[in-house]
Amino acid sequence: MVTNITNLGRSGVSDWLIQRVSAVVMALYTLFIVGFLLFSSGLDYATWSGLFAQTWMRIFSLLAFISIAAHAWVGLWTVTTDYIKPTGIRIAAQSIIVLANFVFLVWGIQVVWGA
């Protein structure tokens with residue numbers, strides 16, 4: 001039996017909820033970006049920069065980045081616990097995943113909120 005020490009939530013129900021809520025946030029963000037691209041005439045750097053200069057868009061992007069990180073972690077935790085049985089290898093793989101997830105999250109925040 002695999003122990004519960006490295007999952008994001010405290011139970012399968014909370015992990016399930018994290019997956020569903022994060023999926024909804026990612027879907028809304030994707031639909032918004034696609035809609036913006038389709039309905040913006042004369043899309044140029046100034047328009048794109050203007051969109052991401054808005055505080056609400058930065059917060060929406062931050063929420064999307066956090067959702068991607070949480071969704072990826074729960075999904076990859078599930079895959080690694082299902083398919084990697086040796087504890088040492090599983091913990092090593094999960095550590096690499098956590099590190100990569102953290103780097104991508106920080107990088108995304110830096111891109112959107114950076115000067």
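Predicted model: local features only at pLDDT ≥ 70, side-chain atom pairs only at ≥ 80, totals over all residues.

Residues are numbered from 1 along each chain as its sequence is written, and side-chain values use heavy atoms, with hydrogens and water left out.

Overall build. I took helices (H or I, at least four residues) and strands (E, at least two) as DSSP runs, numbered from the N terminus. The protein chain has four helices and zero strands, in the sequence pattern α-α-α-α. I looked up the radius of gyration, taken over C-alpha atoms, and the globule rule of 2.2 Å times the number of residues to the power 0.38; the chain has 17 Å, whereas a compact globule of 115 residues would be near 13 Å. The C-alpha trace spans about 55 × 25 × 20 Å along its principal axes, and 26% of the 115 residues count as buried.

Contacts. I counted a contact as heavy atoms within 4.5 Å. Of the contacts in the protein chain with a separation of 6 or more, 66% come from residues 24 or more positions apart.

Helix H1. For the expected span of a helix I used 1.5 Å times one less than its number of residues. H1 has 28 residues and reaches 40 Å from its first C-alpha to its last, close to the 40 Å expected. Its buried residues include Asp15, Gln19, Val25 and Tyr29, and the buried residues of H1 pack against H2 and H3. Ser22, which is found in H1, is in contact with Ser67 and His71 when neighbours within four places in sequence are left aside. Phe32 also has its place in H1, but it counts as partly exposed because its relative accessibility is 27%. With residues up to four places away not counted, Phe32 touches Leu51, Trp56, Met57 and Phe60.

Helix H3. This helix covers residues 55–83 and, with 29 residues, reaches 42 Å, close to the 42 Å expected. Among its buried residues are Met57, Ser67, Trp73 and Trp77, and the buried residues of H3 pack against H1 (12–39), H2 (45–53) and H4 (87–113). Ala69 lies in H3 and counts as buried because its relative accessibility is 12%. Ala69 touches Asn101 and Leu105, again without residues up to four places away in sequence. From Ala69 to Ala100 I read 9.7 Å, C-alpha to C-alpha, for two residues 31 apart in sequence.

Surface. Accessible areas come from the Shrake-Rupley method with a 1.4 Å probe, and for residues only the protein chains shown count as cover. The protein chain has about 7800 Å² of accessible surface, 75% of which belongs to carbon and sulfur atoms. Which residue of helix H4 did I look up? I looked up Trp107, which lies in that helix and counts as exposed because its relative accessibility is 53%.

Key. Buried < 20%, exposed > 50% of the residue type's maximum accessible area, 1.4 Å probe, protein only.
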